[in-house]
Amino acid sequence: MILELKQLTHRYGDELAVDDVSFELEEGELLALLGPSGCGKTTIVQAIAGHVQPTAGRVVLRNRDVTEASPEDRHVGIVFQQPTLYPHMTVSENVAYGLTARGVEPNQRDERVSEYLELVDLTEQWDAYPSELSGGQQRRVEVARALAPQPDVLLLDEPLSALDRQLRERLRKEIARIQTETGVTTLFVTHDQQEAMALADRLIVMNDGRVSGSGTPRALYGSPPTPFVASFLGRSNTFPATVVAQQPPTLRVGTHKLTVSNQELSVSAGTSVTCHIRPDGLSVIAPGSENGTALSLAGEVVTVTDVGRRYDVTIRTERSDEFVVETVERPPEPGEEITLELPRDRITIFETHDHDRGSTTGVPEH
Ligand code: ATP
């Protein structure tokens, strides 16, 4: 294991910024730390880099406990949200800076600078000053500077958030390429779920200082472990239900009974639960054409929005629950009576009182 965070907690005075966070990074892995602004991501990065002394918990790098070590005594590369290049130094001098600090010999230093400027495709900008570069080029110099000392871990703290959308996408692909070519173990911090899902092998989703879920983008999207992950990783429909039986897992949804096939229930009969389903998990069919394999709810089309690649259809059911359905097929018109089909294996169940941080009532089977 390259990096281990063990029950990391940090307070700024009364403010609990990070609350008992543990995770690990394996050699060569690209892990995204994802969550809304203020959830504690930067504090975690600073604790790994040694700029923040955590209130409790340990930081372990290559099996060495570095919690109390100085930043210089940890082999960590870091790229911050805001540009931090030295304006009076050229590109090559900026990249060489960290190498000099680490005592790399001058002849070896030039070789290393050249290697990393080539990696980020900026060889021709060797003698340029940061003010002569575009925003994207400056970011690439910073990546080269962080990588040149060949750190154990590369920390990227929202490195793309100050850039416009097209450039973000281009640089995101660049970072993926650089990470693959160098194999450097990377922690990529972002509040942008699309960016995290496109880039990372694995995600840690944070909410309010705590880990709300972790796993591959696909597993977290398809079977969210908490209501927060369900709503943060894409759109989510929710509706209330009551547990009828644990075995087989059976719910009552209005007047309908539903046996789910992808979860085991750990709560007893009579418990109120909240069910979640993605807009792309639902379908709209004509009344009377149900085949009995899904939960079928009668409803009416409220609005249809053509968003180019697909239609977003809002349905109101008999019980006044509203669902958004994403479909590429031409949908029925507003006002039409329809049947909404909810496949049993696409529904995730959460205990109702646990809405913010809670967990699923059962273990999704993958
Ligand atoms: P952002 O993306 O907005 O930077 P973040 O997820 O990185 O957010 P942190 O910057 O780690 O979150 O902040 C976590 C919490 O700690 C926030 O409530 C923030 O206001 C608070 N905080 C951060 N730094 C300090 C500080 N130096 N002093 C006091 N409170 C702080």
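**Pockets, cavities and a buried arginine in a predicted model**

**Figure 1. The second largest pocket has a volume of about 310 Å³.** The model is predicted: local features need pLDDT of at least 70 and side-chain atom pairs pLDDT 80 or more, whereas totals for chains, interfaces and linings use all residues. Residues are numbered from 1 along each chain as its sequence is written, and side-chain values use heavy atoms, without hydrogens or water. On a 1 Å grid over the protein atoms alone, a pocket is an open set of points with protein on both sides within 12 Å along at least five of seven lines, a cavity is a set where a 1.4 Å probe fits but cannot get out, and lining residues have an atom within 4 Å of a point. A volume is the space filled by probe spheres set on the points, which are joined across faces, edges and corners.

Figure 2. The lining consists of Gln193, Gln194, Met197, Tyr221, Leu233, Gly234, Arg235, Pro279, Asp280, Arg309, Arg310 and Glu326. Helix α6 (residues 193–199) gives the most, with three residues. Helices (H or I, at least four residues) and strands (E, at least two) are DSSP runs, numbered from the N terminus. By class, the lining of this pocket has four nonpolar, three polar and five charged residues. Asp, Glu, Lys and Arg count as charged, Ala, Val, Leu, Ile, Met, Phe, Trp, Tyr, Cys and Pro as nonpolar, and the others, Gly among them, as polar.

**Figure 3. The largest pocket has a volume of about 690 Å³.** Its lining is made up of 21 residues, and those nearest the centre of the pocket are Pro71, Val76, Gly77, Ile78 and Gly98. At least two lining residues come from each of β6 (76–79), α2 (91–101) and α4 (135–147). The lining of the largest pocket divides into 11 nonpolar, five polar and five charged residues.

**Figure 4. Arg74 lies in the loop between β5 (64–65) and β6.** Arg74 has a relative accessible area of 2% and is therefore buried (under 20%; exposed is over 50%, partly exposed in between; 1.4 Å probe, protein chains only). Beyond its neighbours within four places in sequence, Arg74 is in contact with residues including Ala47, Ile48, Val59, Leu61, Glu68 and Arg102 (contact: heavy atoms within 4.5 Å). A polar atom of the Arg74 side chain lies 2.8 Å from the backbone oxygen of Ala69. Gly28 stands 46 residues from Arg74 along the chain, and the C-alpha atoms of the two residues are separated by 18 Å.

**Figure 5. The largest cavity holds about 70 Å³ of space.** The whole structure contains two cavities of 30 Å³ or more. Val79, Arg139, Arg140, Val143, Pro159, Leu160, Leu171, Glu174, Ile175 and Ile178 form the lining of the largest cavity. Seven of the lining residues are nonpolar, none is polar and three are charged.

**Figure 6. The second largest cavity has a volume of about 40 Å³.** The residues around this cavity are Val143, Leu154, Leu156, Ile175, Ile178, Gln179, Val184 and Thr186. Two or more of them come from each of β7 (153–157) and α5, and α5 gives the most, with three residues. The lining of the second largest cavity has six nonpolar, two polar and no charged residues.

Key
A polar contact is a pair of N or O atoms within 3.5 Å; within protein, one must be able to donate a hydrogen and the other to accept it, and residues adjacent in sequence count only if both atoms are side-chain atoms.
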